[in-house]
Amino acid sequence: MNQETVTAPGEPTVGTAHFRTMFPTTAHGAHTARHAAERWLAAQQGRPEPAADDSTATASLLIAELTANAALHGRVRGRNARLALTLTPATLRIEVTDARGERLPAPTPAADTDNDGESGRGLLLVASLADAWGCEPHHPGGKTVWAECARRAARTGR
């Protein structure tokens, strides 16, 4: 389900806009959800496709990491995950909710990431790119991992 606030092309978001989509907890499901979110963000900015600027790249990386983590660590047979974006004039909030709440995420200490393993660095990336992030239990079971980034116009005062 997508909820949108309409703005003129090229104009900043005046109110709050919401995007929500469910996705299967698979690599393909996470990939599909990320691309749908990127297209929605581009539309909110009045663009036909995602821009190649720093704020868009940061949002894409955060969405990719959080959805991939849900697919990898939040899988419960028969249950989907949810990606939700909330866009305000000042902030983009990304939330990914999955069905596994028994183990909340925590970044791997930097010393533990010096090995050649392919996992364990994602939340360090989230922590370094997001202005804030966290995890909350989701009733009746599961968790929501979220990240927030200040929008470029809010950062620069433009």
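**Entry 1: terms and model**

I began with a definition: a crossing of two helices is left-handed if the near helix is turned anticlockwise from the far one by less than a right angle, and right-handed if clockwise. I noted that the model is predicted, that local features need pLDDT of at least 70 and side-chain atom pairs pLDDT 80 or more, and that totals for chains, interfaces and linings use all residues. I also noted that residues are numbered from 1 along each chain as its sequence is written, and that side-chain values use heavy atoms, with hydrogens and water left out.

**Entry 2: overall layout**

I looked up the elements and found 4 helices and 6 strands in the protein. Both are DSSP runs numbered from the N terminus, helices being H or I with at least four residues and strands being E with at least two. Read from the N terminus, their order is β-β-α-α-β-β-α-β-β-α.

I then looked up burial, where buried means under 20% relative accessible area, exposed over 50%, and partly exposed in between (1.4 Å probe, protein chains only). Of the 158 residues in the protein, 37% are buried. I also looked up contacts, meaning heavy atoms within 4.5 Å. Among contacts with a separation of 6 or more, 63% are between residues 24 or more positions apart.

**Entry 3: helix 1 and helix 2**

I recalled that two packed helices are described by the angle between their axes and the distance between the axes. The axes are lines fitted to C-alpha atoms, for helices over the stretch in contact, and angles run from 0 to 180 degrees between N-to-C directions. For helix 1 (residues 27-44) and helix 2 (residues 54-73), I found axes that come within 9 Å and cross at roughly 155 degrees. The two helices are therefore roughly antiparallel; the classes are under 35 degrees for roughly parallel, over 145 for roughly antiparallel, 65 to 115 for roughly perpendicular, and oblique for the rest. The crossing of helix 1 past helix 2 is right-handed. Helix 1 contributes Ala27, Ala30, Arg34, Ala37, Glu38 and Leu41 to the contact, while the residues from helix 2 include Ile63 and Thr67.

**Entry 4: salt bridges**

I recalled that side chains of opposite charge can pair when their charged atoms come close. A salt bridge is a side-chain nitrogen of Lys or Arg within 4 Å of a carboxyl oxygen of Asp or Glu. My search of the whole structure gave 6 salt bridges.

One of them joins Glu136 and Arg93, at 4.0 Å from N to O. Glu136 lies in strand 5 (residues 132-137) and Arg93 in strand 4 (residues 91-98), so the pair ties together parts that are 43 residues apart in sequence. Glu136 is partly exposed at 36%, whereas Arg93 is buried at 17%. Arg93 and Glu136 also belong to a network of salt bridges with Glu95 and Glu148.

Asp98 forms a salt bridge with Lys143, with the closest N and O atoms 2.8 Å apart. This pair links strand 4, which holds Asp98, to strand 6 (residues 143-150), which holds Lys143, across 45 residues. Asp98 is buried at 6%, and Lys143 is buried at 5%.

Glu102 and Arg100 form a salt bridge with closest N and O atoms 2.5 Å apart. Glu102 is exposed at 56%, while Arg100 is partly exposed at 31%.

**Entry 5: cysteines**

How many disulfides does a search of the whole structure find? I found 0 disulfides, a disulfide being a pair of cysteine sulfur atoms within 2.5 Å. Cys135 is partly exposed at 23%, and Cys149 is buried at 5%.
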